[in-house]
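Me: I am new to this protein, and I would like a friendly tour. Could you show it to me, please?

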Amino acid sequence: MALKCKKTMQQDQQEPDHENPGEQPDTQRLDDLNQASRQQVFRFIKAQLLTTLVLSAILLIFGRVVAYSSLAGGLIATLANVWFAIKVFRVKSTVAAETLLTTFYVGEIYKFIFTGAMFVVAFVLIKPISVIALLVTYFLIHMTPAVVNVLSNKTFDNLRDKES
């Protein structure tokens, strides 16, 4: 995988997007990249939601409190990511890089505040609550995109090897 990243970086260096500094970026290419990123993010979010539901169902073995606490933790993580994705992808891909970066930073700050508020709401409104189930599920759900990425890369590598 490191080789693949290095190869891509080398190609980017060899094939600059802008031959002329005054030239506008290729909007079709930016739109295609934006669309691919959007699909990947929403695939991650679907995986997070599915993992939350499955994990909560499995934890029913330990009781309803553990199960709904787990569901709350997973939903906190997933909803914060949904909000961030909507905020970030609302901006057009053709805006200046500074604007896009600012959107990411502001979105991340609001995501942090939203997450904190959701935890406060969960701890205040949900009685009784299993703090361990809520927090463990919250952190596991944050690992879901990494797992999905690794699994999809293995699948892609297996398909590529079969074609060779």
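**A guided tour**

Reply: Of the 164 residues in the protein chain, 25% count as buried, where buried means under 20% relative accessible area, exposed over 50% and partly exposed in between, with a 1.4 Å probe and protein chains only. This is a predicted model, where local features need pLDDT of at least 70, side-chain atom pairs count only at pLDDT 80 or more, and totals for chains, interfaces and linings use all residues. Residues are numbered from 1 along each chain as its sequence is written, and side-chain values use heavy atoms, with hydrogens and water left out.

Me: How many helices and strands does the protein chain have?

Reply: Helices (H or I, at least four residues) and strands (E, at least two) are DSSP runs, numbered from the N terminus. Read from the N terminus on, the elements run α-α-α-α-α. The count for the protein chain is five helices and zero strands.

Me: Is T78 buried or exposed?

Reply: T78 is found in helix α3. Its C-alpha atom is separated by 8.8 Å from that of K46, although T78 and K46 are 32 residues apart along the chain. Because the relative accessibility of T78 is 4%, this residue counts as buried.

Me: Which element gives the largest share of the lining of the second largest pocket?

Reply: On a 1 Å grid over the protein atoms alone, a pocket is an open set of points where a 1.4 Å probe fits, with protein on both sides within 12 Å along at least five of seven lines, and lining residues have an atom within 4 Å of a point. Among the residues lining the second largest pocket are V41, F44, N81, F84 and K111. The elements giving two or more residues to this lining are α2 (27-58), α3 (64-89) and α4. With five residues, the largest share comes from α3.

Me: What is the volume of the second largest pocket?

Reply: By class, its lining has nine nonpolar, two polar and one charged residues. Here Ala, Val, Leu, Ile, Met, Phe, Trp, Tyr, Cys and Pro count as nonpolar, Asp, Glu, Lys and Arg as charged, and the others, Gly among them, as polar. A volume is the space filled by probe spheres set on grid points, which are joined across faces, edges and corners. For the second largest pocket, the volume is about 190 Å³.

Me: How far apart in space are V41 and N81, C-alpha to C-alpha?

Reply: V41 has its place in helix α2. Because its relative accessibility is 24%, V41 counts as partly exposed. V41 and N81 are 40 residues apart in sequence, and their C-alpha to C-alpha distance in space is 9.0 Å.

Me: What is the relative accessible area of F112?

Reply: F112 has its place in helix α4. Together with W83, V106, I109, Y110 and I113, F112 makes a nonpolar surface patch. F112 is exposed, because its relative accessible area is 67%.

Me: Which residue is joined to K127 by a cis peptide bond?

Reply: K127 is found in the loop between α4 and α5. K127 is exposed, with a relative accessible area of 60%. The cis peptide bond has an omega of about -15°, and the residue it joins to K127 is P128.

Key
Patch = residues over 30% accessible without salt bridge, like charges linked within 9 Å, V, L, I, M, F, W, Y side chains within 5 Å. Areas by Shrake-Rupley, 256 points an atom, 1.4 Å probe, with all protein chains shown as cover. Salt bridge = Lys/Arg side-chain N within 4 Å of Asp/Glu carboxyl O.
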